[in-house]
Amino acid sequence: MKDIYAYKKSLIFSICYVALATMALFSMYPDSSFHGDWTIYVMLFTLPTSVISFGLLYSGIVNKGIILMIQIIMFFLTWLITYRMMKAKK
């Protein structure tokens, strides 16, 4: 029962955290409809999951497919790490 609780809670946390980072990454450009000052604060908050994608965007690689694939990989890594931390905590 404890494993299911940790599994679900870590899944929800990872989805929210990485989705927030992905939305901030795609909103960095001035032509984006969600562009604003909030992106820098969210990027600082979600830096562990968005540092690689931010580096690629900053260097000029604007392919959104590559950024999305990196964020999916970061989602699974975040989920695994938070699940193991929550499981060990119980």
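Select Met43, Leu44 and Phe45 in H2; they meet Leu47, Pro48, Ser50 and Phe54 in H3. Contact means heavy atoms within 4.5 Å. The residues of this contact divide into six nonpolar, one polar and no charged.

This is a predicted model: local features need pLDDT of at least 70, side-chain atom pairs count only at pLDDT 80 or more, and totals for chains, interfaces and linings use all residues. Residues are numbered from 1 along each chain as its sequence is written, and side-chain values use heavy atoms, with hydrogens and water left out.

Now show the axes of H2 (residues 38–45) and H3 (residues 47–59). They come within 6 Å and cross at roughly 115°. H2 and H3 are therefore roughly perpendicular to each other (65 to 115 degrees).

Next, select Ala24, Leu25, Val42, Met43, Leu57 and Ile67. These six residues make up the largest nonpolar core. Such a core is a set of buried Ala, Val, Leu, Ile, Met, Phe, Trp, Tyr and Cys residues joined through side-chain atoms within 4.5 Å; buried means under 20% relative accessible area, with a 1.4 Å probe and protein chains only. Helix H1 (2–26) and H2 each supply at least two residues of this core.

Stay on Leu25. Leaving out residues up to four places away in sequence, Leu25 touches Met43, Ser50, Ser53, Phe54, Leu57, Ile67 and Gln71.

Zoom out. The chain has four helices and zero strands, counted as DSSP runs (H or I, at least four residues; E, at least two). Of its 90 residues, 32% count as buried.

Conventions:
Axes fitted to C-alpha atoms, helices over the stretch in contact; angles between N-to-C directions. Parallel < 35°, antiparallel > 145°, perpendicular 65-115°, else oblique. Nonpolar A, V, L, I, M, F, W, Y, C, P; charged D, E, K, R; others polar. Buried < 20%, exposed > 50% of the residue type's maximum accessible area, 1.4 Å probe, protein only.
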